[in-house]
Structures are given as C-alpha cells and as structure tokens.
Amino acid sequence: MAGMIRQLGWFVFVGCAAAATHWLIAVACVAVWHLPPLAANVCGWLVAFLVSFSGHYLLTFRQQRQSLVVACRRFFLVSAAGFLINEVSYACLLSLTDIPYDLLLGGILVAIAVLTFVFSRFWAFRSRAEAC
C-alpha cells in the first residue's frame, strides 16, 4: 500500500510538472506567436510529453523495469490517446462556451490525468513479470 501511495505521489508531481509545461507552452504560443489555441495545444502537448515520459519512467514507474523503447512507445500511445480526447474536448468546448481558452485548457488537462495514470500503470510501464 505504501508503494502505491508513493507511486501516486510521484505521478501527481510529474503530472503537475507536465501539465504546467503543456499549459505554459500553449498559452505562450497564443500570446507570443498568435497561434490559434488548438494549434498551440499541440505544441504544448509535444513538449509536455518529454517532461511526462521522462518523469514517469525515471520516478513514478521506475520499479516496473520496462525497457526504455517499449515504455516510450506504449506511453506515447497512452499520451496520444489522452491528447486526442483533450483536443476534441477542447475544440468542442471552445466553440460551445465563452470560457477563456487558458482556463478551459487547464480544466481539460486535469480531467485527462486520471485516465493517463490508469493506462500508464497497468499497460505502458508494466513489466513482463507483471503481465503473467
């Protein structure tokens, strides 16, 4: 149980760092380069992916000992699926609400975090020994 709590703590820490990176890059892309919010969201996700994978591989799921290549490939699929949900939700909510783009993105990033943890823990970083 203590291991799961520690793992969840690292997940929250790394996830917050990645979400902050995603949000800051996206907002900067809109403010500085005048990109549309949906395009800026893609830029934010790509940079945040590097923060997220590195942190989860080295900290959150370090004891699961999946190879770097396999874990990266699997985590990319998890992250890309989460991003697809993020982008579709963001596009819909941007067109249907008057919520400012930056607040809306922050809410969506929080909502996707639980899904990412579940798929990361039980699939992306799972070692072969755990699969049996």
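Me: In what order do the elements of the protein chain run from the N terminus on?

Reply: The order is α-α-α-α-α, with five helices and zero strands in the chain. Helices are DSSP runs (H or I, at least four residues; strands are E, at least two), numbered from the N terminus. Mind you, this is a predicted model: local features need pLDDT of at least 70, side-chain atom pairs count only at pLDDT 80 or more, and totals for chains, interfaces and linings use all residues. Residues are numbered from 1 along each chain as its sequence is written, and side-chain values use heavy atoms, leaving out hydrogens and water.

Me: How is helix 1 oriented relative to helix 2, and why?

Reply: Helix 1 (residues 2-33) and helix 2 (residues 37-60) pack at about 155°, with axes 7 Å apart. Angles run from 0 to 180 degrees between N-to-C directions, and axes are lines fitted to C-alpha atoms, for helices over the stretch in contact. Under 35 degrees is roughly parallel, over 145 roughly antiparallel, 65 to 115 roughly perpendicular, the rest oblique, so helix 1 is roughly antiparallel to helix 2. Their contact has 17 nonpolar residues, ten polar and no charged (nonpolar: Ala, Val, Leu, Ile, Met, Phe, Trp, Tyr, Cys and Pro; charged: Asp, Glu, Lys and Arg; polar: the others, Gly among them).

Me: And what about helix 3 and helix 4?

Reply: Helix 3 and helix 4 pack at about 150°, with axes 9 Å apart, which means helix 3 is roughly antiparallel to helix 4.
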